[in-house]
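Visitor: I am new to this structure and would like to learn how its features get their names. Could you show it to me and take my questions one by one?

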Amino acid sequence: MIDNQQQINYENNQTPEFLPSINNALEKLISFAKVIDSTQLIELDDALNRILAVDIHANISVPSFDNSAMDGYAINLKESQINTPGKFVFEITDCISAGNTGSVLKTGCAARIFTGAPIPNGANTVLVQEECKVIKNKLKIKVDRPILLNENIRPIGNDIQSGHVILSKGKQLQPQDIALISSIGIGNFEVFNKIKVGVFFTGDELIKPGNTLQQGQIFNSNRYLLVALLNKLSCNIINLGNIKDTLNATCDALETLKSDCDLIITTGGVSIGDKDYIKPAIEKLGQLKLWRIKIKPGKPIAFGNIGHCTFIGLPGNPVSAMVTFLLFARPFIKKIQGANHYLNTALKTKTNFDWHKPKPRCEFIRVCLDRTTFPAKANIYTKQGSNILSSMVWADGLMEIPEKTTFKKGKILNFYPLNEMLS
């Protein structure tokens, strides 16, 4: 989903000082994101994580009648009894459960009432049952404290007012959102269609888990990483699996996917080695709009299009693939899905480590929060190589270290929680 009227001329000079920064690269990607324009009608049971294509308006007030907030007694309090000291006795004349309507309550009388039951006509307050002593063979109650008007009464529209927008277009639906929609009686509504994402993986050394490794081979973790990340984002996936490290095989895979997909994502083959065919394949079939950015891990990331299909090429090292997906592909996908909130949110967090050597690229390091102190401080993983996939399991999130920076522990930096980036 890319707007071909826009153009990006990436730098021919690919030395670190000329590479685009993460902010510039992300801004460029987002500027090309075009929200999918097709929608579908779905029911409540199928709504989780889908993105609203319309505003949801309340067609009723919730609650739609005054009701009791507690189990207790509804009372028609006399004016002379309001907030006055003394001992009060009320005759019990009715019993009202949820779903039933009571009779008109006379002055000085009480009705046994249960949580959620309608307040009967005449009643002007509700007393909690623990504050009422039942007397006279359970025919009356006695209250020993001052009583106010409208105690424990939920008024009409206390939660939702009829006509109000309760959820806005672009909201990604969570369980509480679905419950809110159901509370106003709406059973189906419009959401944006799921986007189709085609994937394939380069690297002749990669084999499927379950097979026996030969000398020089490794198991393909990127395939299962990328599919899981896309499933988290509720994408429809067309998976071509591993392809051979040749230009023809790369071009054939791209040609196979371009007409059926909104987006193609690959891992590996985006650097400048003799077996890296992603860049020349995209340049042959479409347009390469961005290649390599000033970031670690993940410098070799590619962005472009083949016709109307967008392409994102992630690095081959598993940590680089995951970090660049979360920082770049995820916001891009959420934007074209129609989500209002698509950018990652950073929290300001103190470091619990020193950083002695300034680096030429912005680094996203794996950290874990020490919550035994307040505020929590970020501890760094001992191994920060882009092949150390175990660091992503250990980590709570990524900490952004600006380029050409040194600091002592206690420095406040941007922290990106993994639990939010993976939601």
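Visitor: What makes R145 buried, exposed or partly exposed?

Guide: The term rests on relative accessible area: buried means under 20%, exposed over 50%, and partly exposed in between, using a 1.4 Å probe and protein chains only. R145 has a relative accessible area of 23%, so R145 is called partly exposed. Before we go on, a word on the source: this is a predicted model, in which local features need pLDDT of at least 70 and side-chain atom pairs count only at pLDDT 80 or more, while totals for chains, interfaces and linings use all residues. Residues are numbered from 1 along each chain as its sequence is written, and side-chain values use heavy atoms, with hydrogens and water left out.

Visitor: Why is the meeting of E151 and R145 called a salt bridge?

Guide: A salt bridge needs a side-chain nitrogen of Lys or Arg within 4 Å of a carboxyl oxygen of Asp or Glu. For the side chains of E151 and R145 the N to O distance is 2.7 Å, so the pair meets the definition. E151 itself has a relative accessible area of 14% and is therefore buried.

Visitor: How many salt bridges does a search of the whole structure find?

Guide: The search finds nine. One of them joins K171 and D177, again with 2.7 Å from N to O.

Visitor: Why are α3 and α6 called roughly parallel?

Guide: Two packed helices are described by the angle between their axes and the distance between the axes. The axes are lines fitted to C-alpha atoms, for helices over the stretch in contact, and the angles run from 0 to 180 degrees between N-to-C directions. Angles under 35 degrees count as roughly parallel, over 145 as roughly antiparallel, 65 to 115 as roughly perpendicular, and the rest as oblique. Helix α3 (residues 221-232) and helix α6 (residues 318-336) pack at about 25°, with axes 11 Å apart, and are therefore roughly parallel.

Visitor: Which residues make that contact between α3 and α6?

Guide: Contact means heavy atoms within 4.5 Å. On the α3 side it involves S221, N222, L225, L226, L229 and L230, and on the α6 side P318, A321, M322, F325, L326 and I333. By class, there are ten nonpolar, two polar and no charged residues. In this scheme Ala, Val, Leu, Ile, Met, Phe, Trp, Tyr, Cys and Pro count as nonpolar, Asp, Glu, Lys and Arg as charged, and the others, Gly among them, as polar.

Visitor: What makes α1 and α6 roughly parallel?

Guide: The axes of helix α1 (residues 22-32) and α6 cross at roughly 25° and come within 9 Å, and the two helices are therefore roughly parallel. Among the contact residues are L26 and L29 of α1 and F328 and F332 of α6. The contact divides into ten nonpolar, no polar and one charged residue.

Visitor: Where is the peptide bond from K296 to P297, and is it cis or trans?

Guide: That bond is cis, with omega near -5°. P297 lies in the loop between β19 (295-296) and β20 (302-306). Another cis peptide bond joins F374 and P375, with omega about 0°.

Terms used. Helix = DSSP H or I, 4+ residues; strand = E, 2+ residues; numbered from the N terminus.
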